[in-house]
Amino acid sequence: MLLTKICTSGSCNVKRDPWDISRGFRGGRNMHDVTIRWMNILAMVVLLLAYNQTVTVRARDAEIAQLKADKEALEASAVAADSDVAGRWKDGTYDGSGQGFGGPINVEVAVSNGRIADIKILSHDGEDGTYFGMAEKLTETIVDAQSADVDSVSGATFSSKGIKSAVEDALSKAS
Amino acid sequence: MSGKKKVTEEMKSITVDGEMTGAAVPPLSRKKTRKKMTRKQKIFYQKLLRAGVQVFFFVMFPSVFNAAFSGVKEIFTRLGAGQVIEFSAFVKVLIAVCIFTMIFGRFFCGYACAFGAFGDALHGIYVGICRKRKKKPRGLNPKTARILTYGKYILLAGIVLMCFTGTYERAQGTSPWDVFSRVRVFNFGLAEYASGIVILICLMIYMFFEERFFCRFICPMGAVFALLPVLPWFHLHRDRPNCAKGCRACTNTCPADVELPSYGESRVCGECIQCGKCVGVCPRQHIKTGTTKIRGNEPWYVLLRAASLAAIFIWLGV
């Protein structure tokens, strides 16, 4: 009953497309049907959210285990290793510039106690907003790594390279 | 940019004026002028409006199509690596464009995609040359075109699979989009892009001769959009039972050879890029959106959609 109703009102009136690989089940309802498409989208979103949830929980567990192991290792050695990079650069703030996607990127690197303390981006006129937004978090990565030699953000390679070379440029003035 | 906006505004006022003069003349003669003169004019102004919107988006938001597809690639790369999918800038743009497409159809493709606008400009040159030489522009046979349509799904599946298995890095330099966006900012450091340049030039030749060649047959982002549902209220429909017998004006003028659904059909035409050409060309004015109150090519409706899309992009900081 339902099927015939769908058939008379739905896509059965339409001449069948011999190349349409998606047709053929449930009495002519196929991938062109709007309801089926909405259900697909819903299913995909639910699956991705569930995936994210699972991975987050797993990552958190792994991190807790890692921290515990680190703590034990530290307690065992009981000697805090001094940072070997300390004193690599002279204190002060330095400007640097690098070639990004569509023009120069200018940064200001603050060095205190011989370590990279802060990176500010002064200008990025030639960059596309989205791409630059992706690459921007590299400044934090660089501060954490205390080196401009970090992995580029995938998909935003040129903006990443621009930021990295700008920081390198600034650091070259600091040593 | 402000110049383009002004042009768009001007066009709007012209169209409104045209309507008003049409309403001022007595009803009998009005019918005649509408059928003979005003429809051609209307089609012309629609073209102008669309070109204006396309130029506006090309200047203001030229990298959205690439960013949105980077979102797709990022999702599958992270899925393959077992990492959490973050709401990064790329993923946000992807979600925004997809939601907009699910509401209004592929308006983004028809009006806001920089690569689509580039292709339209190329094809426009071809049509202009044909008109000058008084020859009819030749298009692909619809049957061949329908088979080629599956090319984009195959490409999408290939790219997604490469991202998932982590081998996409090896294909770096083959993307014609990367070459296009680098040339757009006059950055000619294209040493590692030899294959991308060759592909882009081939595509440009095809895009020159066939309207929306890339969008219909190759664009992997278009494949994603073509699989999305569209709210039936804003999907174009035609009143097929009341059409003139054998009339195929809408399908013939359509850049994607779409056979629009009749009212009551729940079919989604994923290939429709909302260009609105069919609405203007229909001799009986039978094509309307699902609400039947909007015809789909009114200047206010086009500008409303363009403005809301632009607002979303500005909000996202594209």
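Two residues count as in contact when their C-beta atoms, placed from the backbone, lie within 7 Å. These legends describe a predicted model, in which local features need pLDDT of at least 70, side-chain atom pairs count only at pLDDT 80 or more, and totals for chains, interfaces and linings use all residues. Residues are numbered from 1 along each chain as its sequence is written, while chains are lettered from A and ligands numbered from 1 in the order in which they are written.

**View 1. Chain B as a whole.** Among contacts in chain B between residues at least 6 apart in sequence, 71% join residues at least 24 apart. The chain holds 15 helices and 2 strands; here helices (H or I, at least four residues) and strands (E, at least two) are DSSP runs, numbered from the N terminus. Of the 318 residues in chain B, 40% are buried. A residue is called buried if 20 or more other C-beta atoms lie within 10 Å of its own, exposed if 12 or fewer, and partly exposed in between, with C-beta atoms again placed from the backbone.

**View 2. Where chain A meets chain B.** Here 28 residues of chain A are in contact with 29 residues of chain B. Helix 2 (34–77) and helix 3 (129–136) of chain A each supply at least two residues of the side of chain A that touches chain B. The most comes from helix 2 of chain A, with 10 residues. Sorted by class, this side of chain A has 11 nonpolar, 14 polar and 3 charged residues. In this sorting, Ala, Val, Leu, Ile, Met, Phe, Trp, Tyr, Cys and Pro count as nonpolar, Asp, Glu, Lys and Arg as charged, and the others, Gly among them, as polar.

**View 3. V55(A) on helix 2 of chain A.** Look along helix 2 of chain A and you will find V55(A). Leaving out residues up to four places away in sequence, V55(A) touches G82(B), Q83(B) and V84(B). V55(A) is partly exposed, because 16 other C-beta atoms lie within 10 Å.

**View 4. Helix 3 of chain A and its surroundings.** This helix is mostly covered, with 6 of its 8 residues buried. The buried residues are T130(A), Y131(A), F132(A), G133(A), M134(A) and A135(A). They pack against helix 4 (138–145) and helix 5 (157–174) of chain A, and also against helix 3 (64–81) and helix 4 (89–104) of chain B.

**View 5. The sheet of chain A.** Three strands make an open sheet in the order 1-2-3, with antiparallel pairing. Strand 1 (92–99) and strand 3 (115–123) of chain A stand at the edges, each with a single partner strand, so one side of each has no neighbour in the sheet. On average, neighbouring strands are turned by 25° against each other, direction ignored. Strand 1 of chain A pairs with strand 2 (residues 104–112) of chain A over 8 bridges; two strands pair if DSSP finds at least two bridges between them. Along strand 2 of chain A, V109(A) stands opposite Y94(A), and V111(A) is the bridge partner of G92(A). These two strands form a hairpin with 4 residues between them, and G103(A) in the turn has a positive phi of about 160°. Helix 5 of chain A lies across strand 1, strand 2 and strand 3 of chain A, running at about 140° to strand 1 of chain A. Axes are lines fitted to C-alpha atoms, for helices over the stretch in contact, and angles run from 0 to 180 degrees between N-to-C directions.

**View 6. Helix 3 against helix 4 in chain B.** These two helices of chain B pack at an angle of about 110°, with their axes 7 Å apart. Helix 3 of chain B is therefore roughly perpendicular to helix 4 of chain B, a label given to angles of 65 to 115 degrees. On helix 3 of chain B, the residues involved include V64(B), A68(B) and I75(B), and on helix 4 of chain B they include F90(B), V93(B) and V97(B). The contact divides into 10 nonpolar, 2 polar and 1 charged residues. A68(B) touches V93(B), L94(B), V97(B) and M221(B), not counting residues up to four places away in sequence.

**View 7. G166(B) in its loop.** G166(B) sits in the loop between helix 8 (150–165) and helix 9 (176–184) of chain B. G166(B) is exposed, because 12 other C-beta atoms lie within 10 Å. Leaving aside neighbours within four places in sequence, G166(B) is in contact with G80(B) and A81(B).

Methods. Angles under 35 degrees count as roughly parallel, over 145 as roughly antiparallel, 65 to 115 as roughly perpendicular and the rest as oblique.
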